Amino acid sequence: MPPAFLREFVVTVTIAAPRATEICAPLPVLGRDVSVPLVTGGEVTYAALDYAASAPALQRVWDDVAAYAPYYGSVHRGAGYLSQLSTDLFEQSRETVARFLGCRPDDQVVFTRSTTDSLNLLAAALPAGTQVFVFETEHHASLLPWQHRGADVTCLAAPRTPEQAVAALDVALHGAPKGPKLVCVTGASNVTGEIWPIRELAAAAHRHGARIVLDAAQLAPHHGVDVTALDVDWVAFSGHKLYAPFGSGVLAGRADWLREAEPYLAGGGATRTVARGADGTLGVEWHTSAARHEAGSPNVIGAYAIASACRALTEAGLDALADREQRLLRRLQDGLADLPEVRVLSLFGDDAARVGVLSFIVKGWNSSHFAAALSAEHGIGVRDGLFCAHPLVRVLLDAEESAPGECGAPDSAPGETSLNAIRVSFGAGTPEEHVTRFLAATRSLVRDGAAWRYTTEAGRCVPLKA
């Protein structure tokens, strides 16, 4: 008989369904009770408000992984009990993710390392001569793989309304030559949190014979993603943003381009047979399933962690979680609106639908200085920089140039005008108290200034040692 954790897993993926919308508490996450030191003395419970970079793992996911860990074994070709059990769990995880994403019956779910890896995989699978259309507003993970792989890329200017985005894509596709075409678009911006008109963009793509891939890295942790309802051809996301650690991601969608492409990696697990020919060459028959692009020993624990997160979010109720997040977002927006020194960044306007991601600048502050003070003096973790979306942030800041460094790490001194921004992001594990603390700390810094002195070291603003 399978161990209890596996029996529970099989039952849950069969019967789980979203609960009716209801007021819910934050989901338990790792690190919720961690204390951090303050430069001004003492300690405080850490307020993690950088979910858009990596969300804390759900306690439920960690417990599921811990229960499975003693039964871990190699997958797919082992005759032993643990190997067979792990194989079942790995493939059931694939089915769970497909169900979570509302995949079509013939779609493939490929486990990858991340959203970046997923989109690079798809870029490597494009038919020869494919034309790719992206907006300059994309994260680098969805902006750069296509050109890097030699595709013909058209980069569209940042739209200022959802309707403008659809119209611009329609015009670009209408004037494109015949041949395979792919549109890549984010579901929710990692900079502004704004939700893009995915269904309308998919319809525009399909009107012109193009396919569309959805970068759901920021959308999936906050909002239900249904491949069938949205009518997208592929979707990509990362486990570490969906409350699951261990470096796994997903590419899910149409099987044909993936089945016909050269394997993403060459190696064991991707092959049906390998034989040496009489002439000394190697003959290889590759799998046509998702295994074709999963060469090597797969990250079974990572795949199971993603599936566990999908189950946990589904059982908690995606609508209830989204409603709670929107209440926190409105409180955050109202609090920042009371500070005239703060400018919230937006493409589509203040009333645009968005997830729990918001970026802003503060008049008279270097963004790195402000973020450092939030951390060192208040125990609040946010992010500053260009967020691996350099063209978008430059558009939002009306800047032709920005400070150099990985993802926009600044080199200017505290107090100088910043060409970067500050991002606050939250999700299913965020207590209301963290938003309250953030607003109080922001108000204090804006009105009273920092209580400590800071300097720039290795491109980062840090507190001076006492």
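Helices (H or I, at least four residues) and strands (E, at least two) are DSSP runs, numbered from the N terminus. This is a predicted model, in which local features need pLDDT of at least 70, side-chain atom pairs count only at pLDDT 80 or more, and totals for chains, interfaces and linings use all residues. Residues are numbered from 1 along each chain as its sequence is written, and side-chain values use heavy atoms, with hydrogens and water left out.

**Exercise 1. Find where F246 lies and describe its phi.**

Step 1: Go to the loop between strand 9 and strand 10 (249-253), where F246 lies.
Step 2: Read its backbone angle: phi of F246 is near 80°, a positive value in a residue other than glycine.
Step 3: Most residues other than glycine have a negative phi.
Step 4: Check the surface. F246 has a relative accessible area of 33%, so it is partly exposed (buried means under 20% relative accessible area, exposed over 50%, partly exposed in between, with a 1.4 Å probe and protein chains only).

**Exercise 2. Describe the ring pair of F135 and W196.**

Step 1: Set the rule: rings of Phe, Tyr and Trp (its six-membered ring) pair if their centres lie within 6.5 Å; planes under 30 degrees apart count as stacked, over 60 as edge-to-face and the rest as tilted.
Step 2: By this rule there are 11 aromatic pairs.
Step 3: F135 and W196 form one that is tilted, with 5.3 Å centre to centre and 55° between the planes.
Step 4: The pair links distant parts of the chain, 61 residues apart: F135 is in strand 5 (residues 131-135), and W196 is in the loop between strand 7 (181-186) and helix 8 (198-207).
Step 5: F135 is buried because its relative accessibility is 1%, and W196 is buried because its relative accessible area is 4%.

**Exercise 3. Which residues have the most contacts inside the largest nonpolar core?**

Step 1: A nonpolar core is a set of buried Ala, Val, Leu, Ile, Met, Phe, Trp, Tyr and Cys residues joined through side-chain atoms within 4.5 Å.
Step 2: The largest has 86 residues, and V97, L101, L169, V225, F237 and V250 have the most contacts inside it.
Step 3: Helix 11 (residues 300-316) gives the largest share of this core, 10 residues.
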